[in-house]
Structure formats: C-alpha cells, structure tokens
Amino acid sequence: MVYDRDKRDLPTRAAQNGADAVDSGHARLNELGYKQELKRDLSVISNFAFSFSIVSVLTGINTLFGNGLRYGGTASMVYGWFVAGFFTMFVGSSMAEICSAYPTSGGLYYWSAKLAGRNWAPFASWLTGWFNIVGQWAITASIDFSLAQLIQVIILLSTGGKNGGGYEASKYVVIGFHGGILLLHAIINSLPISVLSFFGQLAAAWNLVGVVVLMILIPCVAKERASAKFVFTYFNTDNGEGIDSKPYIFVLGLLMSQYPLTGYDASAHMTEETKNADKNGPKGIISSIGISIIFGWGYLVGITFAVTNIAYLLSDENDAAGYAIAEIFYLVFKSRFGSGVGGIICLGVVAVAIFFCGMSSVTSNSRMAYAFSRDGAMPLSSLWHRVNKHEVPINAVWLSVFISFCMALTSLGSIVAFDAMVSIATIGLYIAYALPIFFRVTLARKSFVPGPFNLGRYGVLVGWTAVLWVATISVLFSLPVAYPITKETLNYTPVAVGGLLILTVCSWVFSARHWFRGPITNIDT
C-alpha cells in the first residue's frame, strides 16, 4: 500500500493573512463537482472511530457467539475469525484505494458510477446505491434489535433468571425497547458534528477498553476453565440441526466471524466531513478492520476459556434462556461469588458498546441517504438531502431511523421473516462493497486514476481476491442451516437478497432508466 502526492490535491486559495492550503478532501470534492455543504471537522481518529464503532467486535461476536458454538464450537470460531479477517482485509484495502480517489459521502454508488464507464454508470450507480442503503438500514435494524434482546436478557437475569421466576419480556416489549433505542440514536445524530465526533471517539475507546477488560476478567474470574487444547482444537459437531459434515459446519460457523466485520464503509460516507479525506478516509477503513481483527481474536480466545459445557450454554432452559454469552458471564460470577451480579454488569458494558455501534450506524446511514438523495435517486430526494443550521442532514437521520424500525416490525409476525430481512445486512452490504471493486478491476482496469492512497501494481490482484471472496460468502451464507428443510428451517437469505435484486432491477427497467443519470454535480466545474 502506497501513499504518494497527487497533483489533483494541490489547489490553494488566498486568505486574508496569507496563502493557506485548501484541505485536500475539500479540493477533491470540488473537482468531483460537489459543494462543501457538510461541516468538515472530523480528524482521522474521528473517522476511524465511526467505522470501528460499527464493526464493534463486542456487538457482532456477542450477538452471534451462540451461532459459533453451535456450528463448530471453539476451534471453528478461533480459526474462522482469521479466515474471515484475512479476506475482509482484501475487501477493505480495495475500498480504501477507491475511496482515496473519490472521497464523497456517496461512497460505493458514486464509485461504481465513475468506474463503470459512461454507458453503464447510471445502472451501476443505481444498483450499488440501493444495495448499500438497504443493507445499511438492515444492519441498523439488526444492531438495535440485538441490543433490545440483550436488555431483555439483562432484565431476566436481574429478576432471578429463567429458572428463578425472572421476568421474560414479550416480543411487544422488545420492539418497544428497539423503538426507544432508535429514538435516542436519532436525537444524538441530530446534534452538531463536533458533538457527534466526541461520541464517536468515546465509542471507539469504550469498545477497545471493554474488549481488553472482558477478555481478561471473564477467564480470570471463572472457577472452571477450559484447557488450551479444548479452545484451539475442539470442533463441535453436535449442533442438533441434522448436519454432520465438518466442512459444512465450519462454513456455517463463519457467519459469526463475518457478520461483525461489516460497516467499515462508514469511513467513506464520512469523508465529506473529514479533514484531508482522500488520505484519512482510507486510513479509517484499513485501521478499523485491522484493529478489529486483532482485538476480536483476543476477545474470542479469552471468552472461550470460560466455555466448559456448550450444550448447556445453548439450552433454552438455562437462566439466560439460551443467550450463550449472557449465560457465560452470569455463571462465571455466580460460581465464584454466589451471585451473578458481576456478570450482569459485564453485560451492561456490552450493551453500551452495542448502543454506540447503533449510533454510529445511523450516522453512516444518514450520510448515505443524504448523498443518494442529493443525486435524485430516492423518492422525495429534495427533502432528504437538506441540512440544518448545524450542517447536519437531519431529515436523512430521521428517515434512516424510521425505516430501520419498520424493518424490525417484521419480528412481530415472524422471527423467520425478520432474520430474512436482516440477512441483507451481511450479504447485501457485501455485494454493494464488491460492485465498485469489480468495476475497478474490469471496466476501469486501465483508466482508473488512484488517489494518494493506492495499492500500486497489486491493486488488481487484491481487487479480484476481494470480489471472489464476496461471491464465495454470498453462496455459503445462503446454504441451508438445518435439515430436514421446512418453512421454519429454510435459510431465507437468497430469497431476501434475490428479492432486493429483482425490485432494484425492475425499478430501473420500468422507471429509473428514463430519468436517473447517476451522480449529479451541484457546482460549476
């Protein structure tokens, strides 16, 4: 990976007290045809913080820890994390290279338009944009719903646990929690970017410190600890889902590792508010992935040393009603001190991390909606791209929160339907990641002009590796997760993602192709 000085980033302007260099991201935005409408006040640390908070290993790992235990157990998680992390770094590196060339809030859909060529630009932009924004809304719905479920479990354990007559909230109470969380996120995201930047940095610090504290505390407090041999070699095939093939089980267990490693496109969506974004945006993407891989693996190893009975942790009859990570924390402290209060406090640490994750996700959603509507791609576009006196796209903030809440409402009818909706969060979002990379290594292979951050001669190789990895996981995560296959056990991921593809293409064929021309400049060039 190479940083070099780009001739495009040299414009200067005269100031009252002398000549000051124009921010390189600001200058490049003007060259791309856009006015500076959002306040450019974020440092590289703040940009990193938003992506790192969305990746949030405390959110993704804890939410799907039970899935990892069921499909492969400790060995599957420990090694699967490195497999997913290794290939995710290829995806992130390719995105960072393109981000450096085109540092706009539109991110992925703008990149596709620029890289697909004049003839394909409108359709490529339309397809990428809708997969990106729907995937973002789905991931916000998923994050905040997982927090609502964790709050439900915390209340259950605090009132005695399932076996002690504890309070089990109904699905209507859970959706109420979800709505309340989204409301708080909307309010926070309506604040000036300087305040939001503080929350973003606090979120990153909370995630880092929380991971380190819990990965050390939990195994140290545990009276019974697993052996190193168990942690690094035990492969669980007793999943109760009718699947015995170890390779198949390992593939299904990969979802726990891949799910957390999403959302780092936030650094791209925040570039119009980041200083020297053509350099700092790519740094945000790469660093959020790299640091998450390192700390995530340490957290996984630390927590799995407290795993001694997988079947019991996954049982609906334990005190946490089958919420594996909550049962681990609760049992560790209860067995040591006779009370699970310490475990509940640890779950509170995780809950705050998930809250920050959802907050940053809404920030990213709103910037994508702002940019997409600025280019006229969304219904009522003129409404969603307005900014308030603090230069915050406030209408886009509330739109994103509202749609994420509507997505979660499907859980009231069927948790299967909700899971299908949320599946877009991983597969749909990664398809949006892969599309501009695909155009970069095919249609724009010879015409692509890199920015200050570039991969040099390895750019095409890294890009193709990223595209092939996304194609692979798109197939693997669409496989059945239980046998025999019934309407309750069917993996609806291909249905949901295929449905989104059909709707996007049909809307293009019957309507958008007549009026959508891709990104529209709003400045005289």
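This report describes selected helices, aromatic pairs and backbone features of one protein structure.

The model is predicted, so local features are described where pLDDT is at least 70 and side-chain atom pairs count only at pLDDT 80 or more, while totals for chains, interfaces and linings use all residues. Residues are numbered from 1 along each chain as its sequence is written, and side-chain values use heavy atoms, with hydrogens and water left out.

## Helices

Helices here are DSSP runs (H or I, at least four residues), and strands are likewise DSSP runs (E, at least two), numbered from the N terminus. The expected span of a helix is 1.5 Å times one less than its number of residues.

Helix α16 covers residues 341–374, and its 34 residues should span 50 Å at 1.5 Å a residue; the end C-alpha atoms are 50 Å apart, which agrees. Of these 34 residues, 29 are buried, and α16 is thus mostly covered. The word buried means under 20% relative accessible area, exposed means over 50%, and partly exposed lies in between (1.4 Å probe, protein chains only). Just after α16, Gly376 takes a positive phi of about 75°.

Helix α15 (residues 324–337) meets α16: their axes come within 7 Å and cross at roughly 145°. Axes are lines fitted to C-alpha atoms, for helices over the stretch in contact, and angles run from 0 to 180 degrees between N-to-C directions. From α15, the contact involves Ala326, Phe329, Tyr330 and Phe333; from α16, it involves Gly342, Gly343, Ile344, Cys346, Leu347 and Val350. Contact means heavy atoms within 4.5 Å. Sorted by class, this contact of α15 with α16 has eight nonpolar residues, two polar ones and no charged ones. In this scheme Ala, Val, Leu, Ile, Met, Phe, Trp, Tyr, Cys and Pro count as nonpolar, Asp, Glu, Lys and Arg as charged, and the others, Gly among them, as polar.

Helix α11 (residues 246–258) has 13 residues and reaches 18 Å between its first and last C-alpha, close to the 18 Å expected. Its buried residues include Tyr248, Ile249, Val251 and Leu252. Among the elements that cover the buried residues of α11 are α4 (65–70), α5 (73–101), α13 (277–304), α20 (415–441) and α21 (459–476).

In helix α2 (residues 44–55) lies Ser46, which is buried at a relative accessible area of 2%. Its side chain is joined to that of Gln201 by a polar contact of 2.8 Å. A polar contact is a pair of N or O atoms within 3.5 Å; within protein, one must be able to donate a hydrogen and the other to accept it, and residues adjacent in sequence count only if both atoms are side-chain atoms. Leaving aside neighbours within four places in sequence, Ser46 is in contact with Ser197 and Gln201.

## Aromatic pairs

The structure holds 26 aromatic pairs. Rings of Phe, Tyr and Trp (its six-membered ring) pair if their centres lie within 6.5 Å; planes under 30 degrees apart count as stacked, over 60 as edge-to-face and the rest as tilted. Two of the pairs share Trp126, as the table shows.

| Pair | Centre to centre | Angle between planes | Class |
|---|---|---|---|
| Trp126 and Trp130 | 5.8 Å | 65° | edge-to-face |
| Trp126 and Trp515 | 5.8 Å | 85° | edge-to-face |

The second pair links distant parts of the chain, with Trp126 in helix α7 and Trp515 in the segment after α22 (493–510), 389 residues apart. By contrast, Trp126 and Trp130 are four residues apart in helix α7 (residues 121–158) and therefore separated by about one helical turn. An α-helix has 3.6 residues a turn, so residues three or four places apart point the same way.

Both Trp126 and Trp130 are buried, and the relative accessible area of Trp126 is 4%. Trp515 is partly exposed, at 43%. One aromatic cluster is formed by Tyr109, Phe123, Trp126, Trp130, Phe372, Trp508, Trp515 and Phe516.

## Backbone features in loops

Most residues other than glycine have a negative phi, and most peptide bonds are trans. Asn276, which is not a glycine, has a positive phi of about 50°. This residue is found in the loop between α12 (266–269) and α13, and Asn276 is partly exposed, with a relative accessible area of 31%. Ala321 is not a glycine either, and its phi is positive at about 55°. Ala321 sits in the loop between α14 (310–314) and α15 and counts as partly exposed at 28% relative accessibility.

The peptide bond from Tyr483 to Pro484 is cis, with omega near -5°. Pro484 is found in the loop between α21 and α22.
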